[in-house]
Amino acid sequence: MSSSFFLKPGAKGTKKRKNPAATTKGKPLKKGGKSGKSAPATSGPVPKKQRRPKEEDEEIASDDEEYNSDLGGDGNTLAFSADEGEEETPQDKRLRLAKQYLSEIEKQEAERAEDRELAQSVEQRLQTEYLDSVGKLRRNIAGSLKACESSGILKHKLHHTPICALALSPDGKFLYTGAKSQFLLKWCTETGKVLEKSDVLSHREEPETGKKRRSHVISICLSSDMKYLALAEGGPHIQIWCPQTMKHIKTLKGHRDSVAGLVFRKGTHDLYSAAKDRSVKIWSLDEMAYVESLFGHQTAVTSIDALSRERAITAGGSDCSLRIWKITEESQLIYNGHKDSIECVKYINDEHFVSGGMDGAIGLWSALKKKPICTTQLAHGVGENGVANWITAIAVVVNTDLVATGSCDGCVRLWQTNPNARKMQLIQSISIAGFINGLAFNADGSKLFVATGQEHRLGRWWRLKEAKNQVVVVDVKLQSAASS
């Protein structure tokens with residue numbers, strides 16, 4: 001039986017052998033092996049094993065074509081791109097690289113500048129927080145004062161009696177005022193109105209017992225987070241309210257006589273209270289509990305103030321002394337300098353404070369000295385009876401040199417304090433008739449709220465008929481303040 005051999009696809013150097021039985025002297029054999037006409041080359045089916053594989057019929061792509069297909073184009077496109085690259089001269093290349101280098105440098109320098117600004121702002125904030133924590137932060141803004149003018153009046157029919165106390169929220173959006181009419185009002189400082197009936201508190205009855213009483217609001221203070229409002233209402237009890245909902249929370253009982261002053265320690269829920277029973281008490285509103293009592297004053301305590309440290313400063317009224325209570329050390333520092341009863345005291349910062357009394361003098365103090373470093377006698381002049389107009393209210397912009405004082409001489413006075421130079425300088429006088437029973441600055445000192453009345457907040461020794469029972473809003477125009 002005859003056989004034939006074929007080359008494998010892709011094999012090289014192998015010759016195809018001839019089948020001697022298939023040909024005779026170059027002539028093809030007839031079908032069946034007999035002589036005769038030869039059959040056509042295409043006639044008859046090709047044996048299955050003699051068919052050429054399909055791959056041999058396909059055209060094999062060259063390497064260049066595969067490369068062009070990878071680039072997503074044909075050969076012409078590639079040639080055009082190559083021509084473009086060849087057209088760039090060495091000078092153009094150097095210029096292009098130089099521009100790229102400069103852009104990278106500019107980007108890096110911009111990032112470094114942002115980092116430097118961020119580092120400076122962080123450093124400044126940390127320094128400010130540190131100085132504030134140790135009580136040494138001080139900004140000079142009084143020298144940049146341009147003018148002061150009354151911008152509005154807050155008046156309500158429920159406050160038809162003298163305004164006795166006020167408290168401003170930390171963000172300056174809400175003002176709480178109390179009067180001898182036994183009502184507490186919540187004002188919106190932007191609109192100058194009491195918006196809802198729920199913003200009015202009536203103190204004609206005890207919140208718990210419903211018992212009638214005749215007391216009036218003496219002091220108001222707010223916690224830094226606006227969670228609690230403490231109210232002294234002319235009696236020995238302290239009422240705790242929610243300043244947001246104006247709902248009663250708790251009645252704190254412990255004093256034996258009327259509470260004269262209240263203050264929250266900054267950033268906490270620790271409440272300090274001063275009363276006519278000659279004691280200072282500490283309360284924790286987180287537990288709604290009494291903590292401890294501080295004794296030392298010989299007469300009724302008339303005023304109290306505190307900042308962020310665990311310290312409180314009090315005015316002892318007729319004993320003519322000021323005391324700084326170091327609560328953690330369980331000790332006290334005593335300061336003497338006034339000739340008559342001390343009615344009010346305020347911290348400027350943890351190192352300095354200012355006081356005023358019935359002798360008409362304003363004292364500037366350092367916590368390191370037992371005597372005032374500066375005293376301004378008859379700061380609000382002398383009355384018709386020849387007696388000094390006593391200082392009834394003091395407000396300060398904390399950690400600055402701006403101080404405001406009030407009396408019954410028909411004006412509010414602004415002072416610039418300079419402890420290093422040991423002086424207080426009068427810089428502005430604002431005409432407001434009546435007894436100045438309360439003063440409050442907003443955080444940056446751009447607004448001053450003045451509570452006025454025809455009578456003093458603690459009594460009815462005499463009456464100023466030309467005065468009105470209202471709150472006066474004063475715009476304090478300041479230039480950009482420079483920090484020292």
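Are glutamate 455 and lysine 180 buried or exposed? Both residues are buried, where buried means under 20% relative accessible area, exposed means over 50%, and partly exposed lies in between (1.4 Å probe, protein chains only). The structure is a predicted model, in which local features need pLDDT of at least 70 and side-chain atom pairs count only at pLDDT 80 or more, while totals for chains, interfaces and linings use all residues. Residues are numbered from 1 along each chain as its sequence is written, and side-chain values use heavy atoms, with hydrogens and water left out.

The predictor's confidence in each residue is expressed as pLDDT, from 0 to 100. The chain averages a pLDDT of 81, and 77% of the residues score at least 70. Over residues 65–85 the pLDDT is below 50. Residues 1–59 also have pLDDT under 50, and the model gives residues 1–59 20 contacts beyond four places in sequence, a contact being heavy atoms within 4.5 Å.

Over residues 335–366 the chain is 0% helix and 59% strand, with the end C-alpha atoms 10 Å apart. Helices (H or I, at least four residues) and strands (E, at least two) are DSSP runs, numbered from the N terminus.

Two loop residues may be examined here. Histidine 338 lies in the loop between strand E20 (331–336) and strand E21 (342–347), and histidine 338 counts as buried because its relative accessibility is 10%. Its side chain forms a polar contact of 2.8 Å with the side chain of serine 355 and another, of 3.3 Å, with the side chain of aspartate 359. A polar contact is a pair of N or O atoms within 3.5 Å; within protein, one must be able to donate a hydrogen and the other to accept it, and residues adjacent in sequence count only if both atoms are side-chain atoms. Not counting residues up to four places away in sequence, histidine 338 touches several residues, including Cys320, Ala361 and Trp365. Alanine 361 is found in the loop between strand E22 (352–357) and strand E23 (362–366). With a relative accessible area of 1%, alanine 361 is buried.

A further loop, between strand E29 (435–441) and strand E30 (447–453), holds asparagine 442. This asparagine 442 is buried, at 16% relative accessibility. Its side chain reaches the backbone nitrogen of glycine 445 at 3.0 Å and that of lysine 447 at 3.1 Å.

Side chains of opposite charge can pair when their charged atoms come close. A salt bridge is a side-chain nitrogen of Lys or Arg within 4 Å of a carboxyl oxygen of Asp or Glu, and by this rule the count comes to 9. Glutamate 149 forms a salt bridge with lysine 477, their closest N and O atoms being 3.2 Å apart. This pair links distant parts of the chain, with glutamate 149 in strand E4 (residues 145–154) and lysine 477 in strand E31 (residues 470–478), 328 residues apart.

The opening pair, glutamate 455 and lysine 180, also meets in a salt bridge (3.1 Å, N to O). Glutamate 455 lies in the loop between E30 and E31 and lysine 180 in the loop between strand E6 (174–179) and strand E7 (183–188), so the pair ties together parts 275 residues apart in sequence. Lys180, Glu455, Arg460 and Arg463 are linked in a network of salt bridges.
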